[in-house]
Amino acid sequence: MALRDYQQRAITMLFTWLKYNPGNPCIVMPTGSGKSHVIAELCKNIMLGWPQSRILILSHVKELLQQDAEKIMLAWPEAPLGIYSAGMGSRDIGLPITVAGIQSVRDKAEMLGFVDITLVDEAHLISHKAEGGYRTLLEALKAKNPNMRIVGLTATPYRLGHGLISEHGAIFDDLIEPVQIAELVARGFLAPLRSKLPGTVLSTEGVGKRGGEYIEHELQAAVNNADDNDRIVEEVIRRAGDRKAWLFFCTGVAHAEAIRNVLRSRGVVAEVVTGATPKTERDRIIADYKAGRIKALTNADVLTTGFDYPDIDLIALCRPTMSPGLYIQMAGRGMRLKSHTDHCLVLDFAGNVKRHGPITEVKPPKHKGAGTGDAPVKVCDECAELVHASVKVCPCCGYEFPAAPKEAVKLHDDDIMSLEPEEMRVRSWWWYIRQSKTKQINMLCVDYENAELTGDKVTEYITILHDGYARYRAKMTLRAIIDGCGADISTLDGESENYLDDIAEVLNSAKAPDSITIKKDGRYYRVLERRWTPAVGA
């Protein structure tokens, strides 16, 4: 099965990173982008290129283990593959490729033996502290093979209270992002989400927090009441129309059961899945849901990862969360391409869109204790400049910050996506260096000239010398551009004071994209995607 271009790009970027860097990278790919296909092709490439290798693939969910194993056999029917998972009823060991559940092998490093590379699906679950099942096993395997590489895969590369999983002493050293949600939606690989501001928004007033997240029993006590449950179900029924597969995310078991009961009282065929649902019963319920015999499925913390049913066309968020990762995982259940419609409706009763923003623009949570008492700041969406929260116009690039939303903000159909893309044909580009006014840090800048000869241009700022999130985004952007135009900067000295000038010189000699996808932000544009036709090197 041929990979999509961005899936192959992920593999190319990974091998390039491993060639030039020690340590452990993590591949960041959106939900529904085909991480299992990337894992399968990686295994095939590694084993065919280095036949003596031993590969371990870890995950915490049976469904993900099944997907990874199935895709490996699809890509390579002769794969020397074994599965070690109590949940799957298999304990194969000793083959070059092992797909394993972390719960089943966390204390079995001796049995697993010498491992060359470990791939971790849903890698954001690895604790940033030296604790937990993943860290216990990985450290034991590292003791057997100090040269073992760990490669993560995730759609959400951050953890509450920690920030990016490549920072603050975490197990990963860098993030590799071959594709973003906006590109996948624009190219028709993912279905867009549409959102409506519901009439009922659950209140979290008085709910305590622990570890940065709402305390579950307090949250459930606050939102699980008859009045709110009735209003939520009534609104879902009113807005659903002929939608056929509804999915509710609830705050706990009692809440999920209560919503299920209200749905049934309104004549809707509904079931509930929780962590306490027996395996055979859970399998039956999900099979009936996918077959259309169940219209509404409520759940509590079990259908956020590994659950794949493309035809979900309505998601009711009834679970407020401070975790941007959980928010994206819940919304992501509706983004796979469907057989009967072109989108999924999201009704956000939990206020998560307002809390975290569109899923295309969610920022990582801050590192616990990162506050220094300094004045509050915000990041310019156009050039990543850090400015005081009260600033209305970015002093670096002139971007006008939108007015702060009022309490009763009105959502439009596409607010959860924040996608209003336009296409611009490019005549040429020009790379240069510009210094940010407030930080006095040099930035790479590129002007894309409009092919329509109107004199218009779009400027993109690449802040690879900045810190934190701004640097991470800039590195991902620069990698995508270099991969797209075929430029080679591997011979440049990253420590040189002329490093940015040297990059600009190389890119000014490279082929500009034929077109770019842009989104209007105030008076300026943000670049979502760049396309070379035909692709460089094709």
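The model is predicted, so local features need pLDDT of at least 70 and side-chain atom pairs count only at pLDDT 80 or more, while totals for chains, interfaces and linings use all residues. Residues are numbered from 1 along each chain as its sequence is written, and side-chain values use heavy atoms, with hydrogens and water left out.

The protein chain has 15 helices and 25 strands; these are DSSP runs numbered from the N terminus, helices being H or I of at least four residues and strands E of at least two. Of its 538 residues, 54% count as buried, meaning under 20% relative accessible area with a 1.4 Å probe, protein chains only. Take contacts (heavy atoms within 4.5 Å) between residues at least 6 apart in sequence: 69% of them join residues at least 24 apart.

Now the sheet. Eight strands form an open sheet with mixed pairing, in the order S4-S3-S5-S2-S6-S7-S1-S10. Strands S4 (90-91) and S10 (174-176) are at the edges with a single partner strand each, so one side of each has no neighbour in the sheet. Two strands pair if DSSP finds at least two bridges between them. S1 (residues 25-28) and S7 (residues 149-154) pair in the parallel sense over three bridges, and Cys-26 stands opposite Gly-152 in S7. Helix H6, residues 133-144, lies across S2, S6 and S7, at about 170° to S2; axes are lines fitted to C-alpha atoms, for helices over the stretch in contact, and angles run from 0 to 180 degrees between N-to-C directions.

Next, strand S15, residues 270-273. Which of its residues are buried on each face? Ala-270 and Val-272 are on one side, Glu-271 and Val-273 on the other, and all are buried. S15 pairs in the parallel sense with S16 (residues 296-299) over four bridges, with Val-272 opposite Thr-298.

On to the core. A nonpolar core is a set of buried Ala, Val, Leu, Ile, Met, Phe, Trp, Tyr and Cys residues joined through side-chain atoms within 4.5 Å. The largest has 97 residues, and Leu-58 and Ile-359 touch the most other members. Leaving out residues up to four places away in sequence, Ile-359 touches residues including Ile-181, Tyr-327 and Met-417.

Last, helix H14, residues 468-485. Its buried residues include Tyr-472, Met-476 and Ile-482. After H14 comes Gly-486, with a positive phi near 80°.

Methods. Buried means under 20% relative accessible area, exposed over 50%, partly exposed in between (1.4 Å probe, protein chains only).
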